[in-house]
Amino acid sequence: MGPVLSSSPINIYLIWYGKWAPSQKLLITDFIHSISADAHSAAAPSVAEWWRTVSLYTDQTGANVSRNVVVAGQYSDLRYSHGTHLTRLSVQQVIASAVRSAPFPVDHKHGVYLILTSEDVTVQDFCRAVCGFHYFTFPSMVGHTLPYAWIGNSGKQCPEVCAYPFALPGYMGGGGPGSLSPPNRDVGVDGMIS
């Protein structure tokens, strides 16, 4: 019963942390764009059809999650300005850098800041306890309370953990169903999208 982003559109601010191939960026942005596609014209099952289900969630006032999602901005940190190992707090510093450098507005009512770390970036608890997480920034860190999410590319670090079913854990050696082929031939990015 917490707050949900009910105002339309939901603005996604992408923060590409580390080095990303253009093809990887395209896969992720295409996925985000497909959320708001016309669910009736897309082949079933579709991302838009799934999001229509998500949009049934309401907040305390009865307002539904918006069906309209847009990529409102993108920021690339190719220099690993906060290092190649991030903590949950330094993830917030990455957001602060993006907001302070002015490619992004402070958008606490309509925006979600999505931090995507490349396959050579380690993050606290990544591969061990989480493959991604969502929270809100602390005003002491960023200057504002902003909703955000982080997802890591597990392609080289732990695909069997965070890109299942496109990679299988070792303990499943021969047992159970085999791994699925990653639809875009990129285990890490397909795992992030999944």
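The count of disulfides in the chain comes to 2, a disulfide being a pair of cysteine sulfur atoms within 2.5 Å. The model is predicted: local features need pLDDT of at least 70 and side-chain atom pairs count only at pLDDT 80 or more, while totals for chains, interfaces and linings use all residues. Residues are numbered from 1 along each chain as its sequence is written, and side-chain values use heavy atoms, with hydrogens and water left out.

**Disulfides**

| Pair | S to S distance | Angle about the S-S bond |
|---|---|---|
| Cys 127 and Cys 158 | 2.0 Å | -70 degrees, left-handed |
| Cys 131 and Cys 162 | 2.0 Å | -85 degrees, left-handed |

The disulfide of Cys 127 and Cys 158 links distant parts of the chain: Cys 127 is in the loop between β5 (122-123) and β6 (132-136), and Cys 158 is in the loop between β7 (147-152) and α5 (159-162), 31 residues apart. Cys 127 and Cys 158 are both buried. With the bonded cysteines numbered in sequence order, the pairing is 1-3, 2-4.

**Fold and dimensions**

The chain contains 6 helices and 7 strands, in the order β-α-α-β-β-α-β-β-β-α-β-α-α from the N terminus. Helices (H or I, at least four residues) and strands (E, at least two) are DSSP runs, numbered from the N terminus.

The C-alpha trace spans about 50 × 45 × 30 Å along its principal axes.

**Packing, surface and charge**

Of the 194 residues, 42% are buried. Among contacts (heavy atoms within 4.5 Å) with a separation of 6 or more, 71% come from residues 24 or more positions apart.

The accessible surface is about 10,100 Å², with 57% belonging to carbon and sulfur atoms; areas come from the Shrake-Rupley method with a 1.4 Å probe, and for residues only the protein chains shown count as cover.

There are 11 positive and 12 negative side chains, and the centres of the two sets lie 6 Å apart. Lys and Arg count as positive and Asp and Glu as negative, leaving out His and the chain ends; each charge is placed at NZ of Lys, CZ of Arg, CG of Asp or CD of Glu.

Methods. Buried < 20%, exposed > 50% of the residue type's maximum accessible area, 1.4 Å probe, protein only.
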